[in-house]
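Me: Hi! Could you walk me through chain B of this model? I'd like to start with how it meets its partner.

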Amino acid sequence: MAVNSQLQWARLVRAVSDPEAAADSDALLRQAVELSRDVAPDAVGCSVTALDGDRFSTPVYSGQLALDLDRAQYQAGDGPCMAAAREHRFHNFDAATDVDRFPGFAEAAVERGVRSSISLPLPLGSPGRSAAINLYGSSRYAFDAERPRAVADLLARCVATLMSRPARLATPDDQPVAGLEAARHRAWLIAEAEDVLMADRSLDRPAAMGLLIRRSRAENRSIFEIAREVVDNGAGEAAL
Amino acid sequence: MTSTEPGMSLQDGMRLSGMSYPELWLRHISVSGTVGELELEAYVLGLLVPDNFQHNLIAQALNEYFLEVGQDHPVAYRDAASTG
């Protein structure tokens, strides 16, 4: 992974994760479609298809190829990206076998050297408005492996969050994440154990956590059992 | 200099666990992790490179799952000696 890509991914996921972050959403969307190059080695284009009412448009795209292929679908009246936005479901396209399903798009794709595509619906949480992200590949099955699918899914959620701001900012009606309170209780136990180790051994927090991890590995026991013992009984020699 | 000990990568551990990313994120929070779900996912997929401490927290979160199913810390830590 190139350093430049890592910086762009870092900027994207942090901006998406922090609703308060002052960020240029349009610039981040452009960056997100450029990051489609990391989805799969044969990814050659990426676009976002938006559907407002009955009108399709492509508000953001990685290059001319992606824009042309989106427009070819709008002209033909059908295609995987339109279907994904309209039906809110994933669409996979293989130029060799799906000619009959989307003939207009298939022809345009093959002319441009595109052999496969995937379109993922974007959950915008806004009635009357839907969208999909489209990835175009130069080989058959370019996005069929597990990792390309996982990266495409992550990219889709980032784009959906950016497109739906500020509508998706937290509201009092939002449901709390199931299990989060229990997870935080366990984290407090770890923090307490770290405090004991830091005081006893003059360590910083990462080093104290390192001790807990090492003991968990050495004894093949859960780190939470180790932390409970440290909190209840003090650091002791066994924590070393 | 960073070195990874023998064992599974984060990505392989995630795949073999069959966990969802939200579940891993909760486990990560449990072991005192602080990053958001999307960032965690990017680390596991190799899109971002975690520092040693962050890597080891994610490895521990995965290994806590494997401990529950009777396996002994199959996911590799990174420079574990230096974190303590």
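Reply: Happy to. Two residues are in contact if their C-beta atoms, placed from the backbone, lie within 7 Å. This is a predicted model, in which local features need pLDDT of at least 70 and side-chain atom pairs count only at pLDDT 80 or more, while totals for chains, interfaces and linings use all residues. Residues are numbered from 1 along each chain as its sequence is written, with chains lettered from A and ligands numbered from 1 in the order in which they are written.

Me: Thanks. How many residues of chain B are in contact with chain A?

Reply: 27 residues of chain B are in contact with 35 residues of chain A. On the chain B side, the elements giving two or more residues are α2 (21–30), α3, α4 (52–68) and α5 (80–83); helices here are DSSP runs (H or I, at least four residues) and strands likewise (E, at least two), numbered from the N terminus.

Me: And which one gives the largest share?

Reply: That's α4(B), with five residues.

Me: Switching to α3(B): why is it largely enclosed by the rest of the structure?

Reply: Because seven of the eight residues of helix α3 (residues 37–44) of chain B are buried. A residue is buried if 20 or more other C-beta atoms lie within 10 Å of its own, exposed if 12 or fewer, and partly exposed in between. The buried ones are Leu38(B), Glu39(B), Leu40(B), Glu41(B), Ala42(B), Tyr43(B) and Val44(B).

Me: What comes just after α3(B)?

Reply: Gly46(B), which takes a positive phi of about 80°.

Me: Last one: what share of chain B is buried?

Reply: Buried residues make up 52% of the 84 residues in chain B, and the C-alpha trace spans about 30 × 30 × 20 Å along its principal axes.
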